[in-house]
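Hi,

Here is the model I promised to pass on.

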Amino acid sequence: MEKICLKDFNFGELERWVRKQGWQKFRAKQIAKWIYNKKVASYDEMTDISKEIRQYLKENTTLNVLKLVSYEKSKIDGSIKFLWQLHDGNTIESVFIPERDHNTLCISTQVGCAVGCKFCYTTKDGLIRNLTTAEIVDQYIQVQRFVGLEPEKRISNIVYMGMGEPLANYDNVKKSVQIFTDERMAGLSNRKITISSSGIIAQILKMYEDKSFPQVRLAVSLNASDQKTREEIMPITKTNTIEDLMNTLNSLPFKTGYRIMLEYVLLKGVNDTEEDAHRLAKLIGKNKKRYKVNLIPFNPFEGSEYERPDEKRVERFQKILWDYNISAFIRWSKGKDISAACGQLRKKQLDNFISKDSLVKV
Ligand code: SAH
Ligand code: SF4
């Protein structure tokens with residue numbers, strides 16, 4: 001039988017589990033502190049927990065679910081891309097992005113993705129599987145351990161913009177957000193967590209109506225300004241029309257400090273014309289305060305059918321939005337030299353690193 005992993009538990013579950021073992025309730029707080037605050041990698045490091053309990057934990061639970069296969073650090077901006085191996089041999093990636101006054105971690109939620117956006121490398125082989133809560137949460141713990149626990153190294157922001165569609169792995173993503181925002185666990189600020197979705201309307205509504213889903217920021221990958229183009233590059237638009245999507249976003253309860261981010265991947269000659277910029281502005285219409293636009297120049301990969309527009313064109317697009325008083329910024333990819341762009345994480349290089357025989361047990 002697979003051992004349980006403590007990182008699969010939110011605080012309530014951890015507490016219930018601790019009680020079930022016949023231990024006192026405060027043990028849950030202690031264990032959570034060691035895992036999420038001290039970020040220990042072994043039970044032996046949990047020094048204020050009795051030897052008996054530690055022994056029981058060792059025999060009956062697992063602590064680490066990710067095995068570091070390789071990492072690459074960008075010489076341009078210091079971002080670090082990590083490649084992790086899961087217990088079944090699948091691999092995922094995360095990216096640590098140091099910024100002037102804070103550090104962001106971009107995490108994955110699925111191995112592959114079923115959504116099938118034409119410009120995205122992750123979806124090439126479809127969806128392989130959902131990540132468990134522990135596999136999502138462990139990206140944060142392992143990366144923090146790797147970069148160091150000093151205050152200036154602290155990960156304060158998390159973006160769900162790695163491999164996979166977060167809202168298609170709803171339950172595990174929700175629990176990971178509970179763990180990240182719980183004071184007794186990771187204790188991150190809700191406003192510093194962003195979930196990026198391709199725009200599955202039913203799932204967005206579900207998240208907003210779900211009282212136990214902590215309120216975090218929402219980013220939606222709009223990527224086009226009209227139905228036809230969006231349908232072409234994002235086939236889910238057939239059932240989630242651009243009109244319905246915008247109506248849904250416009251109807252969400254609005255709270256200051258929680259502007260919705262509209263992500264827009266710029267594909268040369270496909271969605272990057274001046275006409276597109278004007279149409280996008282009209283689509284946003286009078287709801288300017290509700291949104292900010294994040295323009296992402298396309299990151300080409302081997303075999304991709306699209307091209308990245310040049311800098312001038314990208315800036316022109318942004319300028320048009322600005323003329324409408326729409327907040328818009330350009331996200332030139334981090335770590336271009338290590339292909340660490342969020343949403344463009346790839347497992348291709350894996351072939352160079354490990355063969356089947358060298359798979360490690362986690
Ligand atoms: N599935 C979610 C989150 C992961 S993708 C989503 O689609 O939102 C994160 C972002 O990367 C999305 O906005 C997506 O449109 C963008 N993206 C995907 N492939 C890209 C590429 N090759 N170049 C630039 N951005 C890309
Ligand atoms: Fe999936 Fe997002 Fe890639 Fe679309 S852009 S295929 S939703 S990971």
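A quick definition to start: I call a residue buried under 20% relative accessible area, exposed over 50% and partly exposed in between, using a 1.4 Å probe and protein chains only. This is a predicted model, so local features need pLDDT of at least 70 and side-chain atom pairs count only at pLDDT 80 or more, while totals for chains, interfaces and linings use all residues. Residues are numbered from 1 along each chain as its sequence is written, chains are lettered from A and ligands numbered from 1 in the order in which they are written, and side-chain values use heavy atoms, with hydrogens and water left out.

Ligand 2 first. Its shell (residues with a heavy atom within 4 Å of it) consists of Cys-113, Val-115, Gly-116, Cys-117, Cys-120, Thr-123, Gly-164, Glu-165 and Ser-198. By type that gives 4 nonpolar, 4 polar and 1 charged. Here Ala, Val, Leu, Ile, Met, Phe, Trp, Tyr, Cys and Pro are nonpolar, Asp, Glu, Lys and Arg are charged, and the others, Gly among them, are polar. Cys-113 counts as buried because its relative accessible area is 9%, and Cys-120 is buried too, at 16%. The structure has 0 disulfides, taking a disulfide as two cysteine sulfur atoms within 2.5 Å.

Now the helix pairs. Helices are DSSP runs of H or I with at least four residues, strands are runs of E with at least two, and both are numbered from the N terminus. Axes are lines fitted to C-alpha atoms, for helices over the stretch in contact, and angles run from 0 to 180 degrees between N-to-C directions.

- α1 (residues 11-20) and α2 (residues 26-37) pack at about 125°, with axes 8 Å apart. That makes α1 oblique to α2.
- α9 (residues 274-284) and α10 (residues 311-323) have axes that come within 9 Å and cross at roughly 30°. So α9 is roughly parallel to α10.

The cut-offs are under 35 degrees for roughly parallel, over 145 for roughly antiparallel, 65 to 115 for roughly perpendicular, and oblique for the rest.

Finally, some loop residues. Most residues other than glycine have a negative phi. Lys-39, in the loop between α2 and α3 (51-60), has a positive phi near 55° and is buried at 7% relative accessibility. Asn-223, between β11 (217-221) and α7 (227-233), has phi near 65° and is buried at 2%. Asp-310, in the loop between β13 (291-297) and α10, is partly exposed at 48%.

Cheers
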